Amino acid sequence: MKKAVLKQTTFCLAATVVLCTSSVMNSKAVSFTGDTGVAGISLSLDNNSSVRNVIRDSEVVNVLSARMIEEEAATADDSNTTDEEAKDDSTEESQKEDSKEEEVEEPVSEYANVGISIAPTYVNVRKKANTDSKILGKLYKGSAATILETKGDWVKIKSGNVKGYINAEYLAIGFDAEELVEKYGTKIATVNTTTLKVREKKSTDSRVLTMIPIEESYVILKEYDEWVKVSIDGGSDEDEDNGVVGYVSKEFVDITVEFETAISIEEEEAKKKAEEEARKAEEEQAARLQREQEEERRQQQQQNSSSSSNSSSSSSNSSSSSSSSSSSSSSSNSSNSSSSSSSSSSSGSSNTTVSKGSGTGSDIAAYAQKFVGNPYVYGGTSLTNGADCSGFVLSVYRSFGYSLPRTSSSQATAGTRVDMGSLQAGDLVFYTGGSGRVNHVAIYIGGGKVVHASNPRSGIKISSVNYRTPYTARRIVR
């Protein structure tokens, strides 16, 4: 096809040459060359011979023909090339589109910037990214940290009040961290409404077990589409009488996942100091109670001795009286002996009452607060190593010489009942669960607050007296 076009073009140009030659015979070739404006022709016009000009013009036309043919061919080639390039571009764009369609975005873990410690016990958090650097804190196994940046084999983290570097090999990050969430993380529901009803079942028609105030947080036992099952004061599916287990609407709580965080060296030292002070306070109170009880026994012995001396003196005076009144004297002595015995018994009873406890309600409340932060242990009674709610109350009052029953439900019968509006420091406040039975107890400390062994997550802590609906209150100290 290209050859045919070229031939046809040559023929047409030849005819033009003939016409141009005839014309040039009658006129100068300048007009032609001038009209064409082709650079090569201007050179040929430097000759004076018309014939030669014509010949040269003819040659020029032939040259032009050749050039035009080449240009047309080139244009055709360019056109073809352009078409081919367009096709190539189109193909390339199509391939890119196909590639985009085939390209699937790699999933990104929501824990991409979270690390969970997988160290055997703990890993040190250091000031710089090397093992010779200063230790700033400790990230215990299962505790979590936010990853700020990566530096070789080390990562810079922030956890709690600690910011520093940890070797990445001791952390599970991203999807690896997600696999540990159920094991080490705790889902928490925080109330975002003024007062929220905790129900027995997942229904607004269900019975209300208790009510909880805004900003209080509780452990989630199970999550549903519209409800969450929460634990209050250590309540569980296995033992619903210990604390409360109920349902709250998701609409009125904010759900988060909590992890333990790093502890700084300063915090660790402060914690050890607080634990030591708590032990010391317990020992000092025990020693104080022992001294008080010994003093009570000494006073009791003195009273008994004084009573015995008075009885002997009375008996001697009766013996020295006249024989005529011996019968009356004998009767009198008998009466005095009986009175002495009664007095002794009454005195003993009174002392027993006193020996049951000492100190004021404020003393007891202040003492109880010394153990805030210590662990909650179900069935425990240790103020330092762990206690449950009633075990905590039992041990606090025992430190002042009071003997209380072991369980919260039985403690609710001790002392005398007081109105909630008349609470004083040291009074016991009781709460009920789903069964309607008392299943939690706290010590009122004044200012609308109580101290109590709450649950394994928060241990012994201070809360609002209305952190859940109070049931009754009892006063032990008079």
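**Before you start**

The model is predicted: local features need pLDDT of at least 70, side-chain atom pairs count only at pLDDT 80 or more, and totals for chains, interfaces and linings use all residues. Residues are numbered from 1 along each chain as its sequence is written, and side-chain values use heavy atoms, with hydrogens and water left out.

**Stop 1: the cavity**

Rolling a probe the size of a water molecule over the atoms shows where empty space is left. Here, a cavity is a set of points on a 1 Å grid over the protein atoms alone where a 1.4 Å probe fits but cannot get out; lining residues have an atom within 4 Å of a point. Searching the whole structure turns up 1 cavity of 30 Å³ or more. The largest cavity holds about 70 Å³ of space, counted as the space filled by probe spheres set on the points.

Select its lining: E216, S217, Y218, V219, S231, I232, D233, S454, N455, R457, K461 and Y467. Now colour β11 (217–223), β12 (227–232) and β21 (449–455), which each supply at least two lining residues. Strands are DSSP runs of E, at least two residues, and helices are runs of H or I, at least four, numbered from the N terminus. Which strand gives the most to this lining? β11 does, with 3 residues.

**Stop 2: the nonpolar cores**

A nonpolar core is a set of buried Ala, Val, Leu, Ile, Met, Phe, Trp, Tyr and Cys residues joined through side-chain atoms within 4.5 Å. Buried means under 20% relative accessible area, with a 1.4 Å probe and protein chains only.

Select F392, V396, Y397, L404, L428 and I443. Of the 32 residues in the largest core, these touch the most other members. Elements giving two or more residues to this core include α7 (265–319), α9 (361–368) and β20 (438–446). Helix α10 gives the most, with 6 residues.

Zoom in on V396. Leaving out residues up to four places away in sequence, V396 touches I364, Y367, A368, L383 and I443, with contact meaning heavy atoms within 4.5 Å.

Then select L196, V198, L209 and V248, which are among the 24 residues of a second, separate core.

**Stop 3: the aromatic rings**

Rings of Phe, Tyr and Trp (its six-membered ring) pair if their centres lie within 6.5 Å; planes under 30 degrees apart count as stacked, over 60 as edge-to-face and the rest as tilted. The count comes to 6 aromatic pairs.

Select Y367 and F371. This pair is edge-to-face, at 5.1 Å centre to centre and 80 degrees between the planes. Why does Y367 count as buried? Because its relative accessibility is 4%. F371 counts as buried at 0%.

How values were computed:
On a 1 Å grid over the protein atoms alone, a cavity is a set of points where a 1.4 Å probe fits but cannot get out, and a pocket is an open set with protein on both sides within 12 Å along at least five of seven lines; lining residues have an atom within 4 Å of a point. Buried means under 20% relative accessible area, exposed over 50%, partly exposed in between (1.4 Å probe, protein chains only).
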